[in-house]
Amino acid sequence: MTEPASPALASISLANRAAIEDAALLIRKAERAIVLTGAGISTPSGIPDFRSEGTGLWARDEPLEVASLTTFRTAPERFFQWFQPLANRIFNAKPNPAHLALAEFERSGHLRTVITQNIDGLHQKAGSQHVIEMHGTLRTLSCTNCFKQFEAGPFLRPYIDTGEITQCLSCNGILKPDVILFGEQLPQSAWYEAQRAARQCDLMVVAGSSLEVLPVAGLPMQALDRGAHLIIINNTPTYLNVRADVVILDDVATTIPEIAKRVFHG
Ligand SMILES: [Zn+2]
């Protein structure tokens, strides 16, 4: 018995090690690879999946209700109080090895686009250039009264400290984070761009998404319908596992860097 070379590898099952080899091969052969990421890629950075129950950040409130456009319009102070611990986590979060490996894939020409369901900006912090944010972003805020947009940075620290409503510097209107709340339409341009990317790719990698939130969950189907390969890396099964070329049922922060090693060093 020889010990595995890396401590991370020791925690990966034999079946998944074989799948990692297969995934690396597909990525090396692909010419137009794209990645779709979900909450699972940010949980190793300490950001909970706020759509799932039992994340522990909130004792009383249901995300579906509080993180909705209706609550934001009728009781914005409730939204801002609820959002405070999440904003704090996001503000302090650092990209993990999965984010960094994806940025490296892009720099080396192995990856064209990251489509993400996350609002934390960690792909950009890791160095990814071409990121389509399906659920908006916490990096900017927009005035609900005069529609002026502001960089979130200067507003976030005081908001995280006090939990108070962020206000427009021009008109004192309520500043809404540019994140897509429940009951709100996806940004049209992002949606069109994501669909175009899905239809043109020859490989889609799903990383840390359970493919449960529509319409984004339908994007891999659009890629498959046009003959693209599909790799799914997620802790839990998805509805498309039966159609995927490679399935890795494991943590993305452990497995994607292992795939990267094989893509870059054979
Ligand atoms: Zn304003």
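Reader: On what basis are local features and side-chain values given?

Author: This is a predicted model, in which local features need pLDDT of at least 70 and side-chain atom pairs count only at pLDDT 80 or more, while totals for chains, interfaces and linings use all residues. Residues are numbered from 1 along each chain as its sequence is written, and side-chain values use heavy atoms, with hydrogens and water left out.

Reader: In what order do the six strands of the open sheet lie?

Author: Strands here are DSSP runs of E with at least two residues, helices are runs of H or I with at least four, and both are numbered from the N terminus. Two strands pair if DSSP finds at least two bridges between them. The pairing in this sheet is parallel, and the order is β3-β2-β1-β7-β8-β9.

Reader: Which residue in β2 is the bridge partner of Val 35?

Author: Strands β1 (residues 33–37) and β2 (residues 113–116) run parallel and are joined by four bridges. Within β2, the partner of Val 35 is Val 114.

Reader: What geometry does the site of the zinc ion have?

Author: Donors are N, O and S atoms within 2.8 Å of the metal (3.2 Å for Na, K and Ca); water is not among the atoms, so sites may look incomplete. The SG atoms of Cys 143, Cys 146, Cys 168 and Cys 171 coordinate the zinc ion at 2.3 to 2.4 Å. Four donors count as tetrahedral if all angles lie between 85 and 135 degrees. The angles among the four donor atoms are 99 to 119°, so the site is tetrahedral.

Reader: Is Cys 143 buried or exposed?

Author: Buried means under 20% relative accessible area, exposed over 50%, and partly exposed in between (1.4 Å probe, protein chains only). Cys 146 has 35% relative accessibility and therefore counts as partly exposed. Cys 143 has a relative accessible area of 2%, so Cys 143 is buried.

Key:
Four donors count as tetrahedral if all angles lie between 85 and 135 degrees; four count as square planar and six as octahedral if opposite donors are over 155 degrees apart and all others between 65 and 115; anything else is irregular.
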